[in-house]
Amino acid sequence: MSPLPRYRQLAQHYTQAIRAGTLQPGERLPSLRELMKLHGVSLSTALQVCRTLEGDGFAEARERSGYFVRQPRRLAMVPMDEPAADRPPDPAQFVGIHQTVSDFVTRRRWGEVHLDLSSARASPEFYPAEALRTAMMRSLRQRPQLLTQASPSRSRTPFREAVARRALRAGMHLAPEDVLPTNGCIEALNLALRAVAQPGDTVAVESPTFYGLLQALESLGMRALEIPTSPQTGLSLDALELALRTYEGIKAVAVVPHLQNPLGSVMPDTHKQRLVQLCRAHGTALIEDDTYTELLDMDAVPRAVQSFDTDGGVIHCASLHKVLAPGLRLGWIHAGRWHARVEMLKFAQTRMNEELSQWAVGEFMATSAYDRHLRRLRETLRLQRERTADAIAAHFPAGTRINLPPGGLQLWVELPAGTQAQALFDAALEEHILVAPGTLFSNSARCDGFVRINCGLPWSPALAAGLKRLGELAVQVARPAVRRAA
């Protein structure tokens with residue numbers, strides 16, 4: 001049985017017909033009376049169907065004529081280019097990446113921001129706060145010693161059990177003892193890097209990639225080798241294979257296989273299998289950041305990269321930060337053959353995580369309420385992404401391109417040729433709008449013309465107005481670039 005209300009099911013039915021070309025732009029949709037008769041629904045449900053299609057950009061109302069099919073402007077935008085993979089990438093030297101990120105963080109913290117489009121998480125009201133509060137109170141009432149007793153190093157909490165059980169859906173076979181809780185995914189990534197590499201070593205990363213990973217590498221004294229990454233299928237395996245043949249001693253490869261941050265790409269299973277084989281052949285550790293999988297617009301769970309591993313060469317890292325409870329920063333790591341080393345590094349670095357959140361969240365994850373929450377969140381974010389993409393298509397300068405991913409929290413926006421994202425960032429901040437410029441996501445100049453825009457805020461007139469104003473600023477920033485090119 002579908003968890004979606006009837007009007008949304010019917011709206012999706014007609015949306016799919018429009019996407020498939022069964023219903024053409026300009027063609028009249030069934031009238032309210034026809035919808036009622038065709039689908040056996042009430043007048044209010046039929047009206048909700050039409051208004052939903054209109055809100056999603058797939059229909060327009062014409063006075064006294066009914067609703068007609070339209071194609072959202074976002075679907076007419078030119079897709080982003082695939083990366084070149086025929087030459088070895090240049091090693092990033094990481095001179096000043098901390099300075100770039102620190103400048104961004106400082107200006108975000110101290111600037112007067114009215115509309116924050118820079119983050120990669122949903123608004124608090126999209127998470128089940130009341131259910132989590134109830135779970136916390138129940139756990140504390142049943143186990144008051146959780147606040148006064150130090151956490152044992154190998155306790156079998158409901159959280160570890162829930163993670164191990166849900167990992168089965170992704171093709172992994174974990175014992176609860178294999179799941180090591182961490183302070184978010186960023187601690188898991190730091191532990192993974194420290195387990196497999198030393199200061200001065202080289203780690204291959206996607207380009208663009210999450211700037212927190214770039215910061216972690218610089219903090220650990222490691223070098224990054226940026227590998228071109230497709231907005232559709234993720235890390236270029238041809239470019240990676242060329243890099244592994246060209247450079248000696250690449251200690252690890254770090255990837256986000258599902259809804260890659262910031263691109264939103266999804267790696268096919270055939271690519272994951274080949275990636276594991278490549279790393280095994282070259283004796284290179286593979287670090288998988290699986291934070292975003294639960295946000296994919298699908299009920300079936302794709303296979304984790306680690307599910308293709310047969311010799312413990314893949315380290316799996318993930319977190320609930322994006323999907324359930326940003327305030328808890330509850331993540332985990334399964335470190336393959338480095339498990340014992342990671343346990344000791346964790347003990348030396350931060351000791352064990354507290355257990356109260358593990359009991360409360362683990363018990364919540366074991367119920368059907370967790371999956372219901374995920375379905376609601378995915379549907380909400382899908383609408384947010386499509387509305388945001390439509391606003392970008394309507395208001396940004398000609399030549400703007402976006403990658404509309406099949407899930408997740410953000411859009412990766414390519415500005416017209418020659419336009420500098422930093423200039424848009426500066427102009428937007430002057431008007432109290434914050435975006436994430438592409439310079440955060442690469443140490444090379446390849447991302448200077450991109451911005452990442454968050455889609456996790458509830459849709460409102462203020463958000464629509466803010467996106468329109470951001471588009472107007474992008475037009476202004478793009479004009480000097482056009483004149484220089486001429």
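Which residue does the side chain of lysine 272 meet in a salt bridge? The partner is aspartate 269, with 2.9 Å from N to O, where a salt bridge is a side-chain nitrogen of Lys or Arg within 4 Å of a carboxyl oxygen of Asp or Glu.

This is a predicted model, in which local features need pLDDT of at least 70 and side-chain atom pairs count only at pLDDT 80 or more, while totals for chains, interfaces and linings use all residues. Residues are numbered from 1 along each chain as its sequence is written, and side-chain values use heavy atoms, with hydrogens and water left out.

Helices are DSSP runs (H or I, at least four residues) numbered from the N terminus.

| Salt bridge | N to O distance | Helix |
|---|---|---|
| Lysine 272 – aspartate 269 | 2.9 Å | H10 (residues 269–281) |
| Arginine 382 – glutamate 379 | 2.9 Å | H13 (residues 368–395) |
| Glutamate 472 – arginine 469 | 3.0 Å | H15 (residues 461–485) |

In helix H10, lysine 272 and aspartate 269 are 3 residues apart and therefore separated by about one helical turn. Lysine 272 is buried at 1% relative accessibility, whereas aspartate 269 is partly exposed at 35%; buried means under 20% relative accessible area, exposed over 50%, and partly exposed in between (1.4 Å probe, protein chains only).

In helix H15, glutamate 472 and arginine 469 lie 3 residues apart, about one turn of the helix; glutamate 472 is partly exposed at 32%, as is arginine 469 at 24%. Elsewhere, salt bridges that share partners join Arg8, Glu379, Arg382 and Glu386 into one network.

Key: Helix = DSSP H or I, 4+ residues; strand = E, 2+ residues; numbered from the N terminus.
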